[in-house]
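Reader: Hey, I'm new to this one. Can you walk me through it?

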Amino acid sequence: MIVSLEVFFFLILALGAITGAVLFLFFSKVVHALLSSVLTFVSLAGFYIMLSAEFIAGAQILIYSGAITILLLFAVMLTKKDDVSKGIKKGWPILVTVTTFTFAGLIYYGISDWIGKKNENPIFIDNTKEIGTALFTKFIIPFELVSMLLLVALIGSILLAKRNIES
Amino acid sequence: MEIPLSAYLTLALILFCIGIIGVLIKKNIILILVSIELMLNAANLNFIAFSKYGFIPGVEGQIFTLFSMTIAALEVAVGIAILISLYRKLGTVNLRDLTNLKEE
């Protein structure tokens, strides 16, 4: 069966993304589950390149598989998982899976036949330049607000995780 | 042959549903945070697919994806700070052990 190269890459990347997500659910050790989620993040970066968003693909690899995974691995290192603990109720995983499949089926019925427009917009030739232009002219206020938010979150997380000396 | 928009939307739907199942089933708080990241990634894929193939193609979808990634990273940082202080107080990262507000 001959498929075009675009479809072939879509199928490979989709296989990687869904494999990473499903293995994340089924691994029992925390570190293995984290590393399989990294496979999902990197496959999604491949998807962003297919969708002509190269800057977002680079940011995805830097932020998700770089910073967030390392942060979560540090959290795993600093905490200890206990094996003897209160379990979950008897039929809870089955109920959750059935409900989520129902939700997915309903949404799929709504989105399954969207074709979308063929894109003739030349803004995707210089992706980083277009993002920079839009970010500093049209989206300047959210940009400054996000920088304030970064400052607030930085101070907040340091304060929350600080060890109290006097107690 | 071109890939239709609904293929990207369906893939994002599958990842989102796996994220929902992860949030509701996992016992470790760290894995719940990773499931939330998975859901945010699925929404980002939707944004970028609509930025290229949607009804008004433009760069706004990618700009919003940048903001979404920033907020996701911040949320993980603050979540882990809360987790560390919780671990110091209670000694466990199992979600089912946090029963202080439960009535007997």
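This is a predicted model: local features need pLDDT of at least 70, side-chain atom pairs count only at pLDDT 80 or more; totals for chains, interfaces and linings use all residues.

Reader: What angle do the axes of α3(A) and α3(B) cross at?

Author: Roughly 5 degrees, and the axes come within 11 Å.

Reader: Which residues make the contact?

Author: On the α3(A) side they include Ile56(A), Ile63(A), Leu71(A) and Leu78(A). From α3(B) you get, among them, Gln62(B), Leu66(B), Met69(B) and Ile84(B). By class, the contact of α3(A) with α3(B) has 17 nonpolar residues, three polar ones and no charged ones.

Reader: OK, zooming out: how many residues does each chain put into the contact between the chains?

Author: Chain A puts in 72 residues and chain B 60 residues. On the chain A side, α1, α2, α3, α4 (92-111), α5 (127-137) and α6 (140-160) each supply at least two residues. The top contributor there is α3(A), with 11 residues.

Reader: And what's that side of chain A made of, by class?

Author: The side of chain A that touches chain B has 50 nonpolar, 15 polar and seven charged residues.

Reader: Switching topic. What's chain B like by itself, how many helices and strands?

Author: Three helices and zero strands, so the pattern along the sequence reads α-α-α. Its radius of gyration is 18 Å, well over the 13 Å that the globule rule gives for 104 residues, so chain B is more spread out than a compact globule. The C-alpha trace spans about 55 × 25 × 25 Å along its principal axes.

Reader: What share of chain B counts as buried?

Author: 50% of its 104 residues. As for contacts in chain B with a separation of 6 or more, 48% are between residues 24 or more positions apart.

Reader: Which residues have the most contacts inside the largest nonpolar core?

Author: That core has 60 residues, and the ones with the most contacts inside it are Tyr48(A), Leu72(A), Ala12(B), Leu15(B), Ile30(B), Leu45(B) and Ala49(B). Helices α1 (5-26), α2 (30-50) and α3 (54-78) of chain A, along with α1 (5-25), α2 (29-53) and α3 (60-90) of chain B, each supply at least two of its residues. The most comes from α2(B), with 14 residues.

Reader: Take Ala49(B). What is it in contact with?

Author: Leaving aside neighbours within four places in sequence, Ala49(B) is in contact with Leu51(A), Leu5(B), Tyr8(B) and Leu9(B).

Reader: And Ile36(B), where does that lie?

Author: Ile36(B) lies in helix α2 of chain B.

Reader: Is Ile36(B) buried or partly exposed?

Author: Partly exposed, because it has 18 other C-beta atoms within 10 Å, and a residue is buried if 20 or more lie that close. Apart from neighbours within four places in sequence, Ile36(B) is in contact with Gly19(B) and Val23(B).

Technical notes: Residues are numbered from 1 along each chain as its sequence is written. Chains are lettered from A and ligands numbered from 1 in the order in which they are written. Helices (H or I, at least four residues) and strands (E, at least two) are DSSP runs, numbered from the N terminus. The radius of gyration is taken over C-alpha atoms; the globule rule is 2.2 Å times the number of residues to the power 0.38. A residue is buried if 20 or more other C-beta atoms lie within 10 Å of its own, exposed if 12 or fewer, and partly exposed in between; C-beta atoms are placed from the backbone. Two residues are in contact if their C-beta atoms, placed from the backbone, lie within 7 Å. A nonpolar core is a set of buried Ala, Val, Leu, Ile, Met, Phe, Trp, Tyr and Cys residues joined through C-beta atoms within 7 Å. Ala, Val, Leu, Ile, Met, Phe, Trp, Tyr, Cys and Pro count as nonpolar, Asp, Glu, Lys and Arg as charged, and the others, Gly among them, as polar. Axes are lines fitted to C-alpha atoms, for helices over the stretch in contact, and angles run from 0 to 180 degrees between N-to-C directions.
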